[in-house]
Amino acid sequence: MASAGTKVRAIAAEIVNAVQSGGQSLDAVIVTNEKRVSPNDRSLLRMLCYGTLRYHWQLQGWIGKLLDRPLKRKDSVINALLAVGLYQLSDTRIPDHAAVAQTVEAARQLRRPKLAGLVNACLRRFQRDAIAASPPADEEARWNHPQWLIDMFRRDWPDDWEGILAANNDRAPMWLRVNGSRTTVAEYRERLAQAEIAVEALPAVPDALRLSEPRLVDELPGFDVGDVSVQDAAAQLAARWLLGKKPRRILDACAAPGGKSGHLLELGGDGIALTAIDSDAARIDSIEQNLTRIGRSATIINGDASKTQEWWDGALFDGILLDAPCSATGVIRRHPDIKLLRRGSDIDRLAERQNALLEALWPLLAPGGCLLYATCSILAAENEAVLDRFLTGHEDALEDDVLPNNNIRDLMRRRARGYQVLPGTAGLDGFYYACLIKKSP
Ligand SMILES: C[S@@+](CC[C@H](N)C(=O)[O-])C[C@H]1O[C@@H](n2cnc3c(N)ncnc32)[C@H](O)[C@@H]1O
């Protein structure tokens with residue numbers, strides 16, 4: 001019988017292969033496959049999958065050097081296994097002998113016994129010939145991003161693109177959002193200290209605590225009863241920004257899984273009435289579950305926010321959060337598969353969807369109301385360009401460029417329209433925000 005370590009490597013190779021060759025999303029494949037290993041091995045499985053995809057281009061460059069000829073398509077899982085093996089040797093503290101032995105054995109577990117010798121030879125040659133010391137062959141291998149994305153970052157962020165690429169390859173910290181309607185940050189920190197869980201605060205984002213080490217949510221005191229949620233601190237800027245405009249009737253137009261809806265309700269309490277809509281039927285339940293856990297409720301609708309005639313009751317909203325579907329280029333460190341799955345041609349298509357959502361939702365906003373546009377993209381085409389096009393076409397819209405709180409100034413880059421948090425700034429995800437006000441007639 002294969003050892004647990006061998007099994008983890010074989011399953012990691014299958015998951016990486018499903019992303020690399022099957023175009024599937026990493027989160028989805030992990031969720032369906034991680035039950036195949038024991039709970040104790042799940043963090044190793046995740047580490048191997050995330051790390052291997054994070055360094056995809058570098059690892060594939062090395063595989064190209066190690067193989068005399070590429071593996072056949074039907075053996076793509078062995079290419080993935082080699083990448084998992086090289087990742088362990090180059091970027092983890094797993095002892096080399098264990099990494100090699102269990103990765104070689106995993107080839108047998110994957111029913112490719114004839115290729116086990118090849119895997120062994122490649123991994124040993126990698127160690128012997130110091131392949132990792134040779135300079136990267138090209139920009140993709142140097143930065144572990146596809147060229148189209150490197151080019152877009154360089155164009156949009158001429159002074160920051162290298163820092164962005166480096167930050168995207170870091171591991172993201174885990175951020176908590178303390179539920180201010182149930183406890184205080186100071187009190188919750190005390191509970192964490194008693195559980196020997198170390199955190200740091202970020203004073204500019206008052207509800208946020210950053211864990212020194214990621215934890216399972218079950219380990220967080222009071223998670224099950226909604227005292228705390230997991231949410232990046234950059235995403236936590238949305239609720240306070242919108243609530244600063246004192247809206248009562250609020251629409252969260254792209255709400256699943258309900259992170260920002262939950263924060264709005266924790267802060268707004270009974271003073272707000274929230275409608276949360278999302279077009280993804282499979283994700284609608286996650287809004288319900290997240291709100292139930294924190295003891296709050298909203299009107300939840302499964303629908304297309306841009307087809308307002310299908311769900312809108314005709315009563316204007318005085319606050320709208322449009323957390324638009326986007327390239328997610330600000331959260332690559334959390335989702336390294338984005339680098340493999342996105343195409344440059346997606347960006348114009350996404351900008352059209354973002355524009356269509358803005359156009360459709362604007363008539364639902366009451367005069368004097370605020371529409372907060374947000375994305376987790378760092379590309380100008382999905383952010384300031386979308387806003388610019390919209391503002392140019394709508395005389396009744398103006399951008400309110402005053403930040404809701406001066407303390408967040410250091411986190412933000414002012415753009416031609418709106419503000420950008422770059423990934424890695426103070427440990428945050430990349431996020432974009434712009435606040436549109438509807439002029440009174
Ligand atoms: C960035 S996520 C939202 C995250 C959410 N605001 C949170 O904080 O938890 C974008 C969401 O938009 C939804 N979506 C995409 N197109 C939509 C549309 N036309 N109408 C409504 N929801 C849409 C997606 O299903 C996805 O759940």
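Me: How do the residues of the shell around the ligand divide into nonpolar, polar and charged?

Reply: Please bear in mind that this is a predicted model. The shell around the ligand consists of eight nonpolar, four polar and seven charged residues. In total, 19 residues surround the ligand, and the closest are Gly259, Asp278, Asp304, Ala305 and Asp323.

Me: Which backbone atoms lie at what distance from nitrogen or oxygen atoms of the ligand?

Reply: For such contacts, one looks for pairs of N or O atoms within 3.5 Å. A polar backbone atom of Gly259 is 2.8 Å from an oxygen atom of the ligand. Ala305 likewise places a polar backbone atom 2.8 Å from a ligand atom, here a nitrogen. For Ser279, a backbone N or O atom lies 3.1 Å from a nitrogen atom of the ligand.

Me: How much of the ligand does the protein bury, and which elements give two or more residues to the shell?

Reply: The ligand taken alone exposes 610 Å², of which the protein buries 85%. Helix 13 (259-268) and helix 16 (346-361) are the elements that give two or more residues to the shell.

Me: Why is helix 5 described as roughly antiparallel to helix 6?

Reply: Crossing angles over 145 degrees count as roughly antiparallel. The axes of helix 5 (residues 76-91) and helix 6 (residues 96-109) come within 9 Å and cross at roughly 170°; therefore the two helices are roughly antiparallel. Residues making this contact include Ile78 and Leu81 of helix 5, and Ala99 and Val100 of helix 6. By class, the contact has seven nonpolar, three polar and one charged residues.

How values were computed:
Residues are numbered from 1 along each chain as its sequence is written. This is a predicted model: local features need pLDDT of at least 70, side-chain atom pairs count only at pLDDT 80 or more; totals for chains, interfaces and linings use all residues. Side-chain values use heavy atoms; hydrogens and water are left out. Axes are lines fitted to C-alpha atoms, for helices over the stretch in contact, and angles run from 0 to 180 degrees between N-to-C directions. Helices (H or I, at least four residues) and strands (E, at least two) are DSSP runs, numbered from the N terminus. Angles under 35 degrees count as roughly parallel, over 145 as roughly antiparallel, 65 to 115 as roughly perpendicular and the rest as oblique. Contact means heavy atoms within 4.5 Å. Ala, Val, Leu, Ile, Met, Phe, Trp, Tyr, Cys and Pro count as nonpolar, Asp, Glu, Lys and Arg as charged, and the others, Gly among them, as polar. A residue is near a molecule or strand if one of its heavy atoms lies within 4 Å of it. A polar contact is a pair of N or O atoms within 3.5 Å; within protein, one must be able to donate a hydrogen and the other to accept it, and residues adjacent in sequence count only if both atoms are side-chain atoms. Accessible areas come from the Shrake-Rupley method with a 1.4 Å probe; for residues, only the protein chains shown count as cover.
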